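Subject: Structure handover

Hi,

Here is the structure for your files. My notes on it follow below.

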Amino acid sequence: MKQSLYFAKTRKETPKDAQEISHKLLMRGDYIDQLASGIYTLLPLGLRVHQKIVNIIREEMNGIGSQELLMPALHPKSIWTKTGRWNVYKGEMYQFEDKSGHWFGLGPTHEEIITTIVANRINSFRDLPQALYQIQTKFRDEARPKAGLLRGKEFIMKDLYSFHATKEDFDKFYETVTEAYLRIFKRCGVDAFPVQASGGAFTKEITREFMIKTGAGEDTTLICDHCGWAANKEVAENLRKKCPKCGGEIKQYTTVEAGHVFHLGTGFSEKLGASFIDENGDKKPIIMGCYGLGTTRIMASVVEVNNDKKGIIWPSEVAPFSVHILSLGSDIKVKQEAQALEDYLQKEGIEVLYDDRDLSAGEKFADADLLGIPLRAVISEKTLSQGMVEIKYRKDTEARLVTRGDLINAAKTKN
RNA sequence: CGGGGAGUCGUAUAGUGGUAGUACGCGUGCUUUGGGAGCACGUAGUCCGAGUUCGAUUCUCGGCUCCCCGACCA
């Protein structure tokens, strides 16, 4: 893709409303555009990154046997009154009347919908377990959106719901999902860890959140540096100093909640009539779990923990492109060679952005650093005379001259 | 939802009760091209409404919007 034609306009100045690093860099790099408070467009560059994250999640979700579907964002009031949550969510849910006087809400979460769908299709213990997920825009009328993509009124989330005949089966799946989540975060290039937390409006039980350490976060997490025990401060108010597991010293960290897994029990299935007949012919409510990942929030978190003064440093699996070719100078041979290199890399299946613009070298380097594509390949009169390509990893400071073949290998190596 | 701050070209900012300036961007031309290059010309702005005033971008009031802190949440 030629950068001269690409729909992205980087900025040297930071928009004054952006305070947190991820917000600043995503705005300056033209990954996102703000429409209103807490409401953003994912521009072509941003959407590429988001799709990388989503695809990782899809692979891992499919890998544990769950199936993707897509539910509506528009929900009739009647289904929410069955669980009593129409009133519970007042204030947080966008609720309104349509022109014929029927009430609707924009979905902040989908337990009511998925449980109703499942209730109509699960009859026997033989139909269980089942796990269904979607990746979809959620709406929450946040009192205070903040920090760009970190907390919005409209955001994209992967929500998975599981259905089980027994608590043992649920427990097993809960751990399976936890492991999948940890793989997802690792592949996205963020170090997330599970912590004990509260269930909020979903359940009274202790739940498990996945936290990423960053000063831009809104949660405080207590972590035992000795054994790794961790809990959200909200559920650990009375044990400040000593770890309940090993007695070690506990430290506080500011974190962002990137995921959350819940044991829902049978509350929803009882209210919505989701039951099954067990081996003995007894009718029982289905045991449920729900598991969320904020994909746009993860995107911002990736930037929060992968950047330097010059810009973003994308982990290879979520980078918008794998290679950023820069041609320096206006020499026609340099441009031809750079174009040939782009064609060559593309034939190898490598995603490449080619900065063909007639800008000074400094400006191109600055833009490349800002955009944060993992591997930079420079073509100039200098490299041309040696028949080589200069490559530099975004995370490194040293550049080196290599052959095309070496460049292919470097581009295909995940790091 | 409580508290604080801010709205000036696309972006970042200056300034004034009397013709609104600078930088970047953008356009044209020329010169440049290994770390946001130079010259010239050009382009574009006072959030909305009311009030005070001969005159308001500036002062007053109301509204709207955005940001930050707090209470709540992927």
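In what order do the five strands of the open sheet lie? The order is E20-E19-E21-E22-E23, with mixed pairing. Strands pair here if DSSP finds at least two bridges between them. Helices (H or I, at least four residues) and strands (E, at least two) are DSSP runs, numbered from the N terminus.

A word on the source. This is a predicted model: local features need pLDDT of at least 70, side-chain atom pairs count only at pLDDT 80 or more, and totals for chains, interfaces and linings use all residues. Residues are numbered from 1 along each chain as its sequence is written, while chains are lettered from A and ligands numbered from 1 in the order in which they are written.

Angles run from 0 to 180 degrees between N-to-C directions, and axes are lines fitted to C-alpha atoms, for helices over the stretch in contact.

E19 (residues 323-327) and E21 (residues 375-379) pair in the parallel sense, over five bridges. Isoleucine 325 has alanine 377 of E21 as its bridge partner.

Two helices go with this sheet. Helix H9 (residues 332-347) packs on it and touches E19, E20, E21 and strand E22 (389-393). The direction of H9 makes about 165 degrees with that of E19. Helix H12 (residues 404-412) lies across E19, E21, E22 and E23, at about 20 degrees to E22. Contact means C-beta atoms, placed from the backbone, within 7 Å.

Now the RNA. There are 51 residues around RNA strand B; Ser37, Gly294, Ser330, Ala361 and Gly362 come nearest. A residue counts as near if its C-beta atom, placed from the backbone, lies within 6 Å. Elements giving two or more residues to this surface include strand E16 (287-294), helix H8 (295-305) and helix H10 (361-371). H10 gives the largest share, eight residues.

H8 is largely enclosed by the rest of the structure, because 10 of its 11 residues are buried. Among them are Thr295, Arg297 and Glu304. Buried means 20 or more other C-beta atoms within 10 Å of the residue's own, again placed from the backbone.

Overall, chain A has 12 helices and 23 strands. Its C-alpha trace spans about 80 × 60 × 45 Å along its principal axes. Buried residues make up 42% of its 415 residues.

Best wishes

Terms used:
Buried ≥ 20, exposed ≤ 12 C-beta atoms within 10 Å, placed from the backbone.
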